[in-house]
Amino acid sequence: MASTMESTMAATQVRPAEFNDHTAQTPTLEKDINEKLDGINVDIDAVEPDLDLYVPLKMDGGIVDDHNPLTIRAVIVGICLGSLVNASNLYLGLKTGFTFSANIFGAIFGYGIVKAMSKSKLPIIGGTFGPQENSIIQAAATGAGGISGIFVAGIPAMYLLGAEEGNPKDDFGAIITITLVCSFFGLFFVTPLRKFFVIQVARELKLLFPTPTAVALTIKSMHAGAAGAREALSKLKALSLAFSLALIQRVASYYAVGILYDWHVFTWIHIWSGYTSWAMNIESWGWYFEWTPAFIGSGILIGMNSAISLFGGAIIAWAIIGPALVHYGECIGKHQVDDDPRWADWYSFASLSNLGHETPSPRYWLLWPGVMIMVCSSMAELFVQYKVIGFAGQVIWQKTCANIHGVLAKTGRHSAYLASQAEREVKAADGIIEDPAPPEEQVRMWMWVTGLIVTIAAAMVIFALQWGMNPGLTILACVLGFLFSFLAIQIGAVTDQTPLTAASKASQLVFGAATKNSGLSIKDAQRINLVAGGLASGGADVATALTSDFRTGFLLGTSPIKQWYAQGLGTLIAVFLAPGMFILFTTAYPCILDGSEHCAFAVPSVAAWAAVAQAVTDPAVSIPLKSGIFSIVMGIVSIAQVIFRHFYLVGEREKYREYLPNWGAIALSFVLPSPVFTTAAMFGAIVAWVWRKWKLSSFELYGYAVAAGFIAGEGLGGVIGAALQIGGVSGDVLGTTLGCPAGYC
């Protein structure tokens, strides 16, 4: 699971499940990547011996070699497909906190569209179509589908807390500028790290990049002659059918939500049994089933280990710890309906309102162990890879010295120390692997350096004038964004789980300390906390996406600078699209920003960001003592497991890693407002497990395409639902709430 709550899971910026696919020709690799998706380190020797994933893939003789893959048609098709995912991510992120990458969706759908166009004899539209151009499509799609994470977390949290007055529609210009800064800051600063992560240390540190690798293999297989074309057509049909069914189901369900979407089984029992209390007690803790294609699809992707960990975490949080906290008076719930005795036993245990002024809810109590586990496990994963940290520091220092020495040499000056460091840098690079992309296909240094300087300067001005943040704090946010991106890329390359949750929460804690005793009002401190956290985590999110694209392009032999252009053009579209979608949803559903109990969107990430901001800026809001103690204990346990797995379960014992719980998934269950999404993901994982056992070849061909279609289809259905809401023809006007508790679903 990512990816990615927020790319990226909920209440965070982790993306639980990037779109994945695997080729039927590489079953051993398919197993290896699936295990990595479950957060397990697998020895690269498990991969087929003739398939080296640390050098560019060998293409079949009949595959077209794209000499100029950066075509107008590829960029436009990629941007259009990425825009669909961007719109979907706003819906899914606000509803659940989860966002998804557009890479496999863009790769498969893009193949079908451009393959059909290539048969035309019209200029621009027609012409040969190969895997490099396909990788440009997914790069543009990834760019256009990104940066939605800040709109399902920090920015709406400002309005929820009242730290920003007015409404998003009136602040559209300011929102555009912060999106622009977050997007291009990440794009520029990570560019020079391509060679380091993708080429120099990938083999030594087993940076497999599971999802980008799977995308590259999928693209290669689709272009492998007639057999590849047939397989691609099958994938495309499966994805299209799943997309259409999910879209139709989601739109139709607005008009009968208690029948077609939410199955409140314990509410039904409550009604049928004459309004007895025990069934509503279970209902109150969120134990109902939701026919959400997105999270059934997510369950298909993540595998049984992560799904069981998610579901097990939900049982621990919402069936054991939560009820015990209420029973012993540590936490309280809130009545959902006060004027109808039939629903007197229906409570909400997920409120994050009025913090510091009343006994907290179980959700607030559980938020802190969830955050602690995420931060501790992510940091532990980073530190056990101490080799990459040391080598990274060495390479960055050597490159800096080499660049400075080059500038001095042009002016006729010389530094013996810098010259020696520059020479060491060349030797280190030669000793690892030669970059297959020639210098003319690399991103020029002046491009990313100029862009980075301009972006940071613009950030200092924009954040000072529009958000009241002084330039020093802006520089701090940029530094944190760089550090967190390094963490996110390295861990994501090994586990396929991008720890943006840890990045966002850590940045909030840092800025809480930085603004303490600064003379700022509570609301000003909260606004700065959320904006700065958004800059740090948003930049890291975009940086991770670009590095993933570079990995896909490296395997397929695509020019890095052309990928860079493609993702940059897609990102430019996302800068305007994501804020527009945010305004669409907040206009259709004002409850997103006012914290209403019966809102169509649970906004778990928004509530979590707001709660952390309050805890670090408002003296009246504190972490419950017992929650803090429990958080420390669970953090230590999660660290111990990382150490145990990395240093003890090696060699012959490595096979036992798959039985260890995924603490990141367990933590996500703690911060989600209810177990409903984990239940749907568990259902999807069971479907995938049965499907594999029944017919593995069928699952390898269709499974991940179906999952990708489900996720994107429901997301687009949510966008249509927002438009229906604004038009006054939505389900709450023309539909029925039959089967919903007290008429609310």
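Reading a predicted model: cores, rings and backbone angles

Student: Which residues does Phe601 touch, if residues up to four places away in sequence are not counted?

Tutor: In this predicted model, Phe601 touches Tyr91, Leu94, Lys95, Phe585, Tyr589 and Ile592, leaving aside residues up to four places away in sequence.

Student: How many residues does the largest nonpolar core have, and which of them have the most contacts inside it?

Tutor: The general idea is that, in soluble globular proteins, nonpolar side chains tend to be buried together. Here the largest nonpolar core has 167 residues, and those with the most contacts inside it are Phe463, Phe585, Ile592 and Phe601. Helix 21, which covers residues 522-556, supplies the largest share of this core, with 14 residues. Another core, of 40 residues, lies apart from it, and Leu367, Ala608, Val612 and Ile666 are among its members.

Student: What share of the residues in the protein chain is buried?

Tutor: Of the 745 residues in the protein chain, 63% are buried, and the chain has 29 helices and four strands. The accessible surface of the chain comes to about 27100 Å², of which 66% belongs to carbon and sulfur atoms.

Student: Why does Thr455 count as buried?

Tutor: Buried means under 20% relative accessible area, and Thr455 counts as buried because its relative accessibility is 9%. Thr455 is found in helix 18, residues 445-467, and it touches Val181, Phe184, Phe185 and Phe188, again not counting residues up to four places away in sequence.

Student: Which residues make the nonpolar surface patch of about 470 Å²?

Tutor: That patch is made by Ile72, Ile76, Leu122, Ile124 and Ile125. Ile125 sits in the loop between helix 3 (103-118) and helix 4 (131-144), and with a relative accessible area of 33% it is partly exposed.

Student: How many aromatic pairs are there, and what sort of pair do Phe151 and Phe582 form?

Tutor: A pair of aromatic rings is described by the distance of the centres and the angle of the planes. The count comes to 33 aromatic pairs. Phe151 and Phe582 form a tilted one, with 5.4 Å centre to centre and 40 degrees between the planes. Because Phe151 lies in the loop between helix 4 and helix 5 (154-161) and Phe582 in helix 22 (residues 560-588), this pair ties together parts that are 431 residues apart in sequence. Both Phe151 and Phe582 are buried.

Student: How are the rings of Tyr364 and Trp368 arranged?

Tutor: Tyr364 and Trp368 form an edge-to-face pair, with 5.9 Å centre to centre and 85 degrees between the planes. Both residues lie in helix 15 (residues 362-383), four residues apart, which is about one turn of the helix. Tyr364 is buried at a relative accessible area of 2%, and Trp368 counts as buried at 7%. Elsewhere, Trp263, Trp268, Trp272, Phe289, Trp291 and Phe683 form one aromatic cluster.

Student: What is the phi of Ile147, and what is the phi of Phe209?

Tutor: Most residues other than glycine have a negative phi. Ile147, although it is not a glycine, has a positive phi of about 60 degrees, and Phe209, also not a glycine, has a positive phi of about 50 degrees. Ile147 is placed in the loop between helix 4 and helix 5, whereas Phe209 is found in the loop between helix 8 (202-205) and helix 9 (210-222). Ile147 is buried, with a relative accessible area of 4%, and Phe209 is buried with a relative accessible area of 4%.

Notes. Residues are numbered from 1 along each chain as its sequence is written. This is a predicted model: local features need pLDDT of at least 70, side-chain atom pairs count only at pLDDT 80 or more; totals for chains, interfaces and linings use all residues. Side-chain values use heavy atoms; hydrogens and water are left out. A nonpolar core is a set of buried Ala, Val, Leu, Ile, Met, Phe, Trp, Tyr and Cys residues joined through side-chain atoms within 4.5 Å. Buried means under 20% relative accessible area, exposed over 50%, partly exposed in between (1.4 Å probe, protein chains only). Helices (H or I, at least four residues) and strands (E, at least two) are DSSP runs, numbered from the N terminus. Contact means heavy atoms within 4.5 Å. Patches are made of residues with over 30% relative accessible area and no salt bridge: like charges are joined within 9 Å, nonpolar side chains (Val, Leu, Ile, Met, Phe, Trp, Tyr) within 5 Å. Accessible areas come from the Shrake-Rupley method with a 1.4 Å probe; for residues, only the protein chains shown count as cover. A salt bridge is a side-chain nitrogen of Lys or Arg within 4 Å of a carboxyl oxygen of Asp or Glu. Rings of Phe, Tyr and Trp (its six-membered ring) pair if their centres lie within 6.5 Å; planes under 30 degrees apart count as stacked, over 60 as edge-to-face and the rest as tilted.
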